[in-house]
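Here are my notebook entries from an afternoon with this model.

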Amino acid sequence: MFGKLTIEALPLYSAIAAGGAAVTVGGALLVAIVLTWLKAWKYLWTDWLTSVDHKRIGIMYIVLALIMLLRGFVDAIMMRAQQAMALNAGGYLPPEHFDQIFSSHGTIMIFFMAMPFMTGLINLIMPLQIGTRDVAFPWLNAVSLWLSAAGAALVMVSLVIGKFSTAGWTGYPPYSGIEYNPGVGVDYWIWAILISGVGSTMSGINFVVTILKRRAPGMTLMRMTPFTWTALCASVLMAFAFPAITVACGLLALDRLAGMHFFTNAHGGNMMNYANLFWIWGHPEVYILILPAFGIFSEVVATFSRKRLFGYESLVYATAAIAILSFTVWLHHFFTMGSSANVNAFFGVTTMIIAVPTGVKVFNWLLTMYRGRIDFHPSMMWSIGFIVTFVIGGMTGVLLAIPPADFLMHNTTFLVAHFHNMIIPGVLFGYLAGYMFWFPKAFGFELNRGWGLASFWCWLIGFYLAFMPLYLLGLKGMPRRMETYNDPTWQPYLMVAALGAVVVLCGIASMVIQIYVSIRDRKLTEDRTGDPFDGRTLEWSTSSPPPPYNFAVIPTVGDREPFLEAKKNGTAYRRPASYAPIRIPSNTPAGVILGGFAFVLGFAIVWHIWWLVIVSAIVMFITVIARSSDDNAEFTLSAGEVKRMEDERFRQLGSRA
Amino acid sequence: MSVVHMSEHEREEAETREQRALGFWLYLMGDAVIFALLFATYAIMIPGTAGGPTGKDLFDLNNAALETVLLLVSSTTFGFASLSVRTGNRSAVIGWLAVTFLLGAGFVFLEVREFAGMIAKGAGPDRSGFLSAFFTLVGTHGVHVTMGLLWILILSAQVALKGLTAPVASRLYRLGLFWHFLDIAWVGIFSIVYLPGLL
Ligand code: HEM
Ligand SMILES: [Cu+2]
């Protein structure tokens with residue numbers, strides 16, 4: 001009846017594991033109680049969970065990402081604490097538990113923090129920037145969101161019921177095979193990734209079609225904002241790279257569930273094939289994450305330097321070049337696996353080549369700032385911190401691209417330092433810059449600047465403290481993923497790294513305080529114009545938050561920075577002569593239902609509860625059929641209603657003047 | 001005024017149709033990536049028979065050829081269904097879809113019979129890496145065809161109930177793309193799995 005699921009699955013075997021479970025369950029209960037107390041369930045359901053509005057979906061993605069950032073960071077600081085005291089089997093975590101933590105940290109940070117954060121920002125802003133009313137496939141967009149949430153929920157549930165994988169975020173076989181890992185951990189990992197991966201593939205397709213087909217009249221490709229360009233390239237990569245991880249994890253699942261031999265030691269398995277499949281997705285993935293961050297930096301730097309972006313064309317071509325090259329470098333993740341010297345040399349060279357367009361971009365940003373009137377808004381600070389720190393990470397990357405050097409550094413903390421050096425100042429700082437930049441657009445009031453700056457400085461200093469020692473430790477030969485060690489000279493470095501994590505913790509605390517303070521003081525920082533930062537592109541031309549239809553009249557674009565241009569000519573904020581009715585996609589519970597049952601499906605497969613697998617698959621199937629046969633999934637907002645909402649907007653604009 | 005309004009509505013509908021077609025093309029290209037990787041996996045696993053049966057011992061060219069004929073003909077009959085959508089002939093559409101369904105079902109039947117025979121001989125997917133790759137590649141295609149069959153049923157019902165409305169016609173167009181795509185994937189399977197396996 002319950003497959004492999006028994007009462008043993010509860011984490012009562014260790015106080016720390018039980019504590020983690022208690023915090024998870026307690027947190028969920030707390031949220032439920034607060035919602036009930038606020039009587040907010042109905043509002044939540046009708047206005048958010050069933051919404052197909054790209055702005056709301058974007059916000060929900062970002063909320064998911066921020067929650068998972070907290071969880072991923074708890075993992076991180078637990079590891080830092082363990083390694084700081086782990087000399088000669090010291091420390092407080094048993095090896096099994098430590099292994100679960102680095103596996104869940106990596107998995108969460110990549111799949112359930114960075115991916116939703118990026119998808120959320122693109123959802124929130126890209127349609128506004130191209131002057132459209134929604135993405136091409138609004139309800140599919142909701143499905144993508146809820147599939148991502150289902151994957152994240154599977155990882156969270158593994159804290160309470162059963163265990164998570166110990167095979168790292170990469171899940172390499174044969175260790176992740178059934179022979180060495182008979183428990184449920186790897187299955188949780190596989191199904192979390194498979195389910196959310198389907199969502200990411202669909203998001204990619206959705207964004208590509210939106211950008212190619214729904215731009216406002218006059219917006220040629222070369223008039224798109226840098227963020228839209230990077231979103232386009234990242235989406236193409238999502239649509240074509242995610243199938244590879246679906247194959248990798250799918251075949252691993254077949255090995256584990258059906259006794260197949262794709263990656264097993266014996267019976268003709270070939271585990272090197274897994275490494276190839278995984279990294280054919282994995283390397284494009286790092287560009288999926290970083291390209292939109294580059295786009296955000298470009299917008300932020302131009303806006304707060306009060307200058308046009310320097311070298312727009314070169315930035316666009318660099319982005320496209322990176323997107324194409326990103327499919328040609330995957331082998332650098334396993335130079336040591338035994339390919340011939342020539343193969344390694346080829347991939348080493350392609351890896352170095354991909355650094356060139358990235359270098360081009362650094363000059364774009366620097367020259368945009370040069371002689372600009374810079375406003376040191378927190379978003380601008382994230383960008384400056386990024387440029388300085390990212391260059392260091394880029395150089396260590398080029399170092400690792402030399403196969404003989406990689407043989408020395410492979411699997412050491414040097415690598416851990418390198419990729420955190422790219423992914424924290426690059427990806428995460430970019431998203432945080434975007435979050436603080438576009439927050440007023442989403443909610444109609446600004447985030448507190450002081451706490452934003454505090455957060456930035458803590459993150460920056462904390463990052464250096466936490467990861468610079470790891471470069472040195474890597475050169476001294478410390479392998480990654482170490483639960484204990486016996487070289488006393490390593491410990492001081494690890495203590496500094498732990499201190500760095502504490503400083504980052506202060507940065508995260510500042511972000512939480514920032515939200516509280518900003519909501520408390522929202523009347524003071526209200527954004528009545530929709531344009532708090534003297535913006536340059538279309539998203540700033542509509543109100544904050546934008547109406548459900550974004551633009552009462554679809555704008556016509558004649559410039560790369562259309563809104564700035566309109567403000568200069570005095571054509572901004574013009575009232576149209578008349579309004580037309582607008583068709584808007586209706587809300588639907590189909591997305592939440594699909595996500596909910598995808599979660600049940602994954603859970604049931606993990607625990608081999610086959611009847612439940614069948615039931616949830618049938619429910620999902622019926623939901624898809626029902627929704628996709630519906631021909632009237634839209635409603636019409638009459639011209640009168642549009643006029644009423646726009647009158648309100650112009651009243652606000654007027655009261656500002 | 002109402003004329004202007006109608007054409008606006010029609011324009012929106014045409015745009016929607018175009019966007020859905022592009023989205024579906026992108027999906028098919030992603031699916032093609034999946035097949036490409038499964039083909040590559042199969043190719044490198046051909047030697048991994050672990051002392052068990054090889055393709056030569058197992059494959060039956062007659063069966064594979066018959067499957068090929070069924071699927072190729074079903075693509076043609078689907079083409080006739082698409083033509084009847086254009087002429088607006090509702091019963092012809094349903095008729096051709098029914099023929100396509102029968103041919104596709106015949107294909108799935110032959111494939112399931114082949115699989116069952118191999119498993120009965122002890123040559124199931126858990127026998128060797130080679131057989132895992134074979135069953136997964138061919139089976140993935142088979143699952144796609146089965147999904148296509150369900151989709152044919154659903155759209156036939158829609159044609160019967162709603163008629164050849166613009167949304168239904170646009171769905172039929174995408175189903176057609178899907179069905180022809182499966183044909184191409186099968187040609188790959190026939191020429192990479194069955195033919196070399198027997199030579
Ligand atoms: C907030 C500060 C962070 C700290 C202090 C931190 C700390 C750590 C530590 C201690 C490890 C294990 C290193 C080892 O194997 O020895 C690790 C691994 C990892 N981290 Fe982070 N991390 C942070 C943020 C991030 C972010 C933002 C991401 C991605 C978006 C990320 C992705 C990863 C990945 C993929 C791994 C590899 C996991 C594995 O070995 O399978 N981390 N991190
Ligand atoms: Cu890479």
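**Ground rules**

I am working with a predicted model, where local features need pLDDT of at least 70, side-chain atom pairs count only at pLDDT 80 or more, and totals for chains, interfaces and linings use all residues. Residues are numbered from 1 along each chain as its sequence is written, chains are lettered from A and ligands numbered from 1 in the order in which they are written, and side-chain values use heavy atoms, with hydrogens and water left out.

**Overall fold of chain A**

I looked up the secondary structure of chain A and found 19 helices and two strands. Helices (H or I, at least four residues) and strands (E, at least two) are DSSP runs, numbered from the N terminus.

Next I checked the radius of gyration, taken over C-alpha atoms, against the globule rule of 2.2 Å times the number of residues to the power 0.38. A compact globule of 657 residues would come out near 26 Å, and chain A has 25 Å, so the two agree. Along the principal axes, the C-alpha atoms of chain A fill a box of roughly 75 × 60 × 45 Å.

I then looked at burial, where buried means under 20% relative accessible area, exposed over 50%, and partly exposed in between (1.4 Å probe, protein chains only). Of the 657 residues in chain A, 58% count as buried. For contacts (heavy atoms within 4.5 Å), I took the pairs in chain A at least 6 apart in sequence, and 83% of them join residues at least 24 apart.

**The iron atom of ligand 1**

Which protein donors does the iron atom of ligand 1 have? They are His105(A) and His420(A), each through NE2, lying 2.0 Å from the iron. Donors here are N, O and S atoms within 2.8 Å of the metal (3.2 Å for Na, K and Ca); water is not among the atoms, so sites may look incomplete. The pair links distant parts of the chain, with His105(A) in helix H4 (residues 95-129) and His420(A) in helix H13 (residues 413-443), 315 residues apart.

For reference, the ideal angles for six octahedral donors are 90 or 180 degrees.

Are the two histidines buried or exposed? His105(A) is buried at a relative accessible area of 13%, and His420(A) is buried at 12%.

**The copper ion (ligand 2)**

Here I found His283(A) through ND1, with His332(A) and His333(A) through NE2, coordinating the copper ion at 1.6 to 2.0 Å. Along the chain these donors follow the spacing H-x48-H-H. His332(A) counts as buried because its relative accessibility is 14%, whereas His333(A), at 22%, counts as partly exposed.

I compared both helices with their expected span, 1.5 Å times one less than the number of residues. H6 (residues 185-213) has 29 residues and reaches 42 Å from its first C-alpha to its last, close to the 42 Å expected. H6(A) is mostly covered, as 26 of its 29 residues are buried.

H7 (residues 226-258) has 33 residues that should span 48 Å, and its end C-alpha atoms are 47 Å apart, which agrees. H7(A) is mostly covered too, with 27 of 33 residues buried. I also marked a kink of about 30 degrees at Ala239(A), shortly before the proline Pro243(A); the bend is the angle between axes fitted to the seven residues ending at a residue and the seven starting there. Just after H7(A), Gly259(A) takes a positive phi of about 65 degrees.

**A residue of chain B**

I picked Thr136(B), found in helix H5 (residues 129-162) of chain B. Thr136(B) is buried, with a relative accessible area of 8%. Leaving aside neighbours within four places in sequence, its contacts include Leu251(A), Phe262(A) and Leu38(B).

**Backbone details**

The peptide bond from Pro173(A) to Pro174(A) is cis, with omega near 5 degrees. I found Pro174(A) in the loop between helix H5 (138-160) and H6 of chain A. Another cis bond joins Ser544(A) and Pro545(A), with omega about -15 degrees.
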